[in-house]
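Morning, everyone. Have a look at the model first.

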Amino acid sequence: MKDEKTLYIVVPCYKEEAVLPETSRRLGEKMRALMAAGKISDKSRVMFVNDGSKDRTWEIIAGLHEQDKLFSGVNLSRNRGHQNALLAGLMTAVNYADMIISMDADLQDDVNAVDAMVDAYHAGYDVVYGVRSARKTDTFFKRFTAEGFYKLMQALGVDIVFNHADYRLMSRRAVEGLSQFKEVNLFLRGIVPQIGYPWTTVEYERAERFAGESKYPLKKMLSFAFDGITSFSIKPIRLILAVGMVIFVASIIALVWALISKLMGSAQAGWTSLMASIWMIGGIQLLSLGVIGEYIGKVYNEAKARPRYIIERVLND
């Protein structure tokens, strides 16, 4: 068909040797089915991005490319993190593709949702967000914290799609729009909605990880969440200002009360209240300095304008 469009599926990989054989099999079957249905061209590819893995991940990717040109590979010079690896794949694939789908390698994202995303693209949408229909596979703690994070981001004024991670389709012009965002501290699920262009959502059920270990333990998830908040909202700094003003007013009231007590001769030693006040004020000050320091650190990183990633090799036919 003359109107067939080229699809690239970009898959960031970090220590994914255990899951790559099955991931490549399922994605290969899905791509061939879409080609047979005339929805995508035979120039479409699956592009695995190796994010500086120390295991056999790149060896497996290179082997897949050697056996079948349907599979492409991008090898980063060192580990740069999931968001940078994903961006490297998007910026490489945009040179060849009309539409690009990003997804994780662990097969938690439902491969069958690709069909609905491609249909939405043909219907005129530039961005199609994969949204979880439920969180049945999550523990109560993970479900509570994840949904709380999205609600907090929205409360802080961040334009973010609820229950969406990085499973999405983007048209070529949407990815070209993304390339104009130059920040080093990447939080793509917050940046993509700022591009604009027509968008829609596709619901899917997220499965358990097929094999291997999660690359996002609690510590990393908290760091990622804090990066997202400080990258897109200055409300934490305004909150510090508000807390400072409240404490200042309280201190004035306390000073007046102390002076009145002194004049009336009823002043007494209050060791407990004094120590509690010192600890509370000290804790608030340290917390405030930490939040402000986080913003200053981001300004520092952005000012250096170092490359977000360096591509060592590309395998693409």
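Start with α3. In this predicted model, 12 of the 12 residues of α3 are buried, so the helix is largely enclosed by the rest of the structure. The helix covers residues 82-93. As for geometry, α3 has 12 residues and reaches 16 Å from its first C-alpha to its last. That is close to the 16 Å expected at 1.5 Å a residue.

Now α1, residues 20-36. This helix has 17 residues and reaches 24 Å, first C-alpha to last. Again, that sits close to expectation, 24 Å at 1.5 Å a residue. Which residues of α1 are buried? They are Leu20, Glu22, Thr23, Ser24, Leu27, Gly28, Lys30, Met31 and Leu34. Note that Glu22 and Lys30 are among them. And what covers them? The cover includes three strands, β1 (7-13), β2 (45-50) and β3 (71-76). It also includes two helices, α2 (57-67) and α4 (113-122).

Let's zoom in on one residue of α1, Ser24. Its relative accessible area is 5%. The cut-off for buried is under 20%, so Ser24 counts as buried. A polar atom of the Ser24 side chain lies 2.8 Å from the backbone oxygen of Pro21. Leaving aside neighbours within four places in sequence, Ser24 is in contact with Phe48, Leu64 and Phe71.

One last stop, past the end of the helix. Gly38 follows α1, and its phi is positive, near 75°. That's my tour.

Note on methods: Residues are numbered from 1 along each chain as its sequence is written. This is a predicted model: local features need pLDDT of at least 70, side-chain atom pairs count only at pLDDT 80 or more; totals for chains, interfaces and linings use all residues. Side-chain values use heavy atoms; hydrogens and water are left out. Helices (H or I, at least four residues) and strands (E, at least two) are DSSP runs, numbered from the N terminus. Buried means under 20% relative accessible area, exposed over 50%, partly exposed in between (1.4 Å probe, protein chains only). A polar contact is a pair of N or O atoms within 3.5 Å; within protein, one must be able to donate a hydrogen and the other to accept it, and residues adjacent in sequence count only if both atoms are side-chain atoms. Contact means heavy atoms within 4.5 Å. The expected span of a helix is 1.5 Å times one less than its number of residues.
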